[in-house]
Amino acid sequence: MTEFLVRFFIKDYQVVEKVSVRTAYGVLASMVGIFCNIFLFVVKLSVGFFLHSISVMADAFNNLSDAGSSVISYIGVKMASKPADEDHPFGHGRIEYIAALIVSFLIMEVGFTFLKDSISKIKNPEILRFQLISVCILILSVGVKLWLGIFNRKLGEKIDSKVMMAVFTDSMGDVVTTAATILSLIFFRITGINIDGFVGLGVALLVMWAGFSIAKDTLEPLIGEAVDPEIYDRIKKYVEKYDGIEGTHDLIVHNYGPNRSMASIHAEVPNDTDVEKSHEIIDRIEKNAVEELGIFLVIHMDPIETRNEAILLIRTQVDEIMSELDPHASVHDLRVVAGENQINVIFDMVVPYSYTEEQKSTLQQELVRRLQEIDARYQCVITVEHSYVGGRGDKGDRGDSPS
């Protein structure tokens, strides 16, 4: 069903990098969510009127309020697709994160309300009445919500949408809550023991935690999170595949919404290559990156020595010692100023962000000591930097994402 809806309603559904296609996915997910919740509302309200059941009718209006999550998702996706303007030159993509944050607060509010009701039921147990029609309605609700949740998860993973993942969590919270109610009724029917309040307490805490987790995940790109290692490797390998580029470092990525990123990176070029030729290569990479990676890339050109054997030997010595001392640290921008009695070795040393000042100092001192054992004339001028690549102590170059 999911594939059918995607193929039928979304043109160019495979090109998820396009903003228009991504928006179409979001609109489809929102419309399906609104339809499913209104369907449950109509069914439950009709049965509630027929049975004169206040609880069933109340649950119907709960489904109507659930449609609000899909409405928020729709508004968020549509607003996020607005093109760049004078006040927002990088577009409005972060609005999608804000929409997901609102949905997460709605989930926490539902969990908190359910928590209060559960505590009240534990203190003052209500008389349960097992009605087959009510159980059938609840099972229908579980089925629809389960499908809706999976539907949002599939589409959310395909386009990396936090708001869809939030709606998925909202739907799964309803599934767990309703399933717990069914189990409580069946358990009561079999044993005569009312555990509704205790089951509800556990479910409420689970729902609140899910809402908190979504809020945390959504806030990270808004605050500014570390570069994803996969994105780091993708950009690094893309730049370094061009002839005339010897290496890269200092990658910075700014996230302005899903598939809306700006990045800057330092590209190392041979210092004996004509500047205009290197500049031409850099321009071509920047232009191609927009088309092939969907990233607005700014490249700083760093000239490095590629022929002087004495300098290359020093670079090899520094790299080998650093690798032995700490494989998670690295060196770049190495320059050498040689004299008769002193050789200044100038470079940047990149260490993981978790390093303390003491660890930085110890590593730096040991590196200098080992180099001076090779040649007492070596005088090191070291600038210590952090690695901000997420999920690993990066062996390589620095990458960070401050916004």
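## A walk along the salt bridges

Start by selecting Lys158 and Glu3: their side chains meet in a salt bridge, with N to O at 3.7 Å. (A salt bridge here is a side-chain nitrogen of Lys or Arg within 4 Å of a carboxyl oxygen of Asp or Glu.) Lys158 sits in helix H5 (residues 132-159) and Glu3 in helix H1 (residues 2-9), so this pair ties together parts that are 155 residues apart in sequence. Helices (H or I, at least four residues) and strands (E, at least two) are DSSP runs, numbered from the N terminus. Lys158 is partly exposed, at 36% relative accessible area, and Glu3 is partly exposed too, at 40%. For these labels, buried is under 20% relative accessible area, exposed is over 50%, and partly exposed is in between (1.4 Å probe, protein chains only).

Before you move on: this is a predicted model, where local features need pLDDT of at least 70 and side-chain atom pairs count only at pLDDT 80 or more, while totals for chains, interfaces and linings use all residues. Residues are numbered from 1 along each chain as its sequence is written, and side-chain values use heavy atoms, leaving out hydrogens and water.

Stay in helix H1 and click on Phe8. Phe8 is exposed, at 59% relative accessibility.

Next, pick Asp272 and Arg307, whose side chains form a salt bridge at 2.4 Å, N to O. Asp272 is in the loop between strand S2 (261-270) and helix H9 (275-292), and Arg307 is in the loop between strand S3 (295-304) and helix H10 (309-325), so the pair ties together parts 35 residues apart in sequence. Asp272 is partly exposed at 41%, whereas Arg307 is exposed at 64%.

Now hop to Arg370 and Glu324, a salt bridge whose closest N and O atoms are 2.4 Å apart. Arg370 belongs to helix H11 (residues 357-374) and Glu324 to helix H10, 46 residues apart. Here Arg370 is partly exposed at 21%, while Glu324 is exposed at 57%.

For a last stop, select Glu366, Arg369 and Glu373, which salt bridges with shared partners join into one network. How many salt bridges does a search of the whole structure find? Twelve.
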